[in-house]
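I start with the model itself.

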Amino acid sequence: MKALSPTDMPPPFARYAHGVEIPGDWRMVQTSGQLGIRLDGTIPEEAYDQAVICFQNIEKILGSAGMSASDVAHVSAFVTDRSHMADYMRARDEFLASTSRLPSSTLLIVSGFTRPEFKVEVEILAAAP
């Protein structure tokens, strides 16, 4: 994959690329939106802790396809309030800390999820040869 961040436009606001080119013959994985719920059904109060769980679940899904965070091409995230953006971004940056090529990224503020205690949802698109 190739990160695309043209120099003749404003740079990304954070640690991501404006676009990612994926070769045509690569395998792709698209996850469903992951919520911050633990295997035992508990949901942490803090947005950061929920985001960490989202990325832990994404790691498990990627692992089941023989992929890792380095194979992520795009991250889409949804938070229920602007106050949760920094916590989400910290968890995202930790998840991507070992990657040399940054994925593209979208972050939206939404009115809510299926249960009011959820503050963060994350889905990814990944690709590998």
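Is Phe 55 buried or exposed? I looked it up: Phe 55 is buried, with a relative accessible area of 3%. Buried means under 20% relative accessible area, exposed over 50%, and partly exposed in between, with a 1.4 Å probe and protein chains only.

I note that this is a predicted model, where local features need pLDDT of at least 70, side-chain atom pairs count only at pLDDT 80 or more, and totals for chains, interfaces and linings use all residues. Residues are numbered from 1 along each chain as its sequence is written, and side-chain values use heavy atoms, with hydrogens and water left out.

Next, the ring pairs. Rings of Phe, Tyr and Trp (its six-membered ring) pair if their centres lie within 6.5 Å; planes under 30 degrees apart are stacked, over 60 edge-to-face, and the rest tilted. I get 2 aromatic pairs by this rule.

Phe 55 and Tyr 88 have ring centres 6.1 Å apart and planes at 25°, so I call them stacked. Phe 55 is in helix H1 (residues 47–64) and Tyr 88 in helix H2 (residues 85–95), 33 residues apart. Helices are DSSP runs (H or I, at least four residues), numbered from the N terminus. Both Phe 55 and Tyr 88 are buried.

Phe 55 and Phe 95 are stacked too, because their centres are 4.7 Å apart and their planes are at 25°. Phe 55 lies in helix H1 and Phe 95 in helix H2, so this pair ties together parts 40 residues apart in sequence. Phe 95 is buried, at 7% relative accessible area.

I write down one aromatic cluster: Phe 55, Tyr 88 and Phe 95.

Conventions:
Helix = DSSP H or I, 4+ residues; strand = E, 2+ residues; numbered from the N terminus.
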